[in-house]
Amino acid sequence: MPEITTLSAEPRARAGRGAARATRRMGRVPGIIYGGDRDPMLISLEPRELSRALAKRGFLATVVEVRVDDAVHRTLPRDVQYHPATDEPLHVDFMRVGVDTQVTVTVPVAFINQEMSIGLRRGGILNIVRHGVELICQVDNIPEQLVVDLDGLDIGDSVHISAVTLPPGSRLTITDRDFTIASIAASSAVREEAAAAASAPPPAPEQPAAS
């Protein structure tokens, strides 16, 4: 069962850019709840409460219960628009979901056992290709994260999606290739050390002792 976040919201009467700007001038963030064979509902949210929820990793893969008046809407965030300069949230879209709703979500990737990686201990760096992986799964079975184990990986090794255990009932949206999640790359210091070792002259042969 995924973690559920709760947000309080107030209904708003009018749609459109002008109405959204008016909502923001009042110190609130406009949003909408849609789907579930019901009419869309225009809402506004308290910005500090919303910002705390947005700060959690994987917000767009988190079930959110939006409380409007006396009703609770079980939703999944689908989109957040941010101000290009301040990164403040400007608008949030929530989709109503049921127990059996299948959704496409991007699940964050977590890396473990860095200290057990041979390559990282040798001074290599973790090159993360994908911070999240897109899955199709039931809304009540959204994983908090996908775990990538770095134990034993050396410089030049890569981790592909086939090495990652997916939760039961989940499937990838990308199925035509075994894509890379991360690799262990040589740092500049390691590359310079290897280049210096390769260009160093071979040691002089030992001279026989004089008789």
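This is a predicted model: local features need pLDDT of at least 70, side-chain atom pairs count only at pLDDT 80 or more; totals for chains, interfaces and linings use all residues.
**Entry 1**

Axes are lines fitted to C-alpha atoms, for helices over the stretch in contact, and angles run from 0 to 180 degrees between N-to-C directions. I found four bridges joining S8 to S13 (residues 180-185), the two strands running antiparallel. Asn127 stands opposite Ser183 in S13.

I note the conventions: residues are numbered from 1 along each chain as its sequence is written. Local features need pLDDT of at least 70, side-chain atom pairs count only at pLDDT 80 or more, totals for chains, interfaces and linings use all residues, and side-chain values use heavy atoms, with hydrogens and water left out.

**Entry 2: the barrel**

I traced six strands that close into a barrel in the order S1-S3-S2-S6-S5-S4, with mixed pairing. The twist averages 45° from one strand to the next. S2 and S6 (residues 89-96) run parallel and are joined by four bridges; the bridge partner of Ile32 in S6 is Asp93. H1 packs on the sheet, touching S2, S3 and S6, and its direction makes about 125° with that of S2. Contact means heavy atoms within 4.5 Å. I also located H2 (residues 47-54), which lies across S1 (4-11), S2, S3, S5 (71-82) and S6 and runs at about 155° to S1.

Which residues of H1 (residues 17-25) are buried? I list Ala19, Ala20, Ala22 and Thr23, where buried means under 20% relative accessible area, exposed over 50% and partly exposed in between (1.4 Å probe, protein chains only). They cover an arc of only 160° around the axis, which puts them on the same side of H1; the arc is that of the directions from the helix axis to the C-beta atoms. Arg17 and Arg25, on the other side of H1, are exposed. The cover over the buried residues of H1 includes S2 (29-34) and S3 (41-45). Gly27 follows H1 and has a positive phi, near 85°.

**Entry 3: nonpolar cores**

I took a nonpolar core as a set of buried Ala, Val, Leu, Ile, Met, Phe, Trp, Tyr and Cys residues joined through side-chain atoms within 4.5 Å. The largest has 27 residues, of which Val103, Val105, Val133, Ile142, Val148 and Ile181 touch the most other members. S7 (102-112), S9 (132-138), S10 (146-149) and S13 each supply at least two residues of this core, and S7 gives the most, with five. Apart from it lies another core of 16 residues, among them Leu7, Leu54, Val64 and Val92.

**Entry 4: salt bridges**

I counted six salt bridges, each a side-chain nitrogen of Lys or Arg within 4 Å of a carboxyl oxygen of Asp or Glu. In the pair Arg74 and Asp140, the closest N and O atoms are 2.2 Å apart. This pair links distant parts of the chain, 66 residues apart: Arg74 is in S5 and Asp140 in the loop between S9 and S10. Asp140 is buried, at 17% relative accessible area.

Definitions and conventions. Two strands pair if DSSP finds at least two bridges between them.
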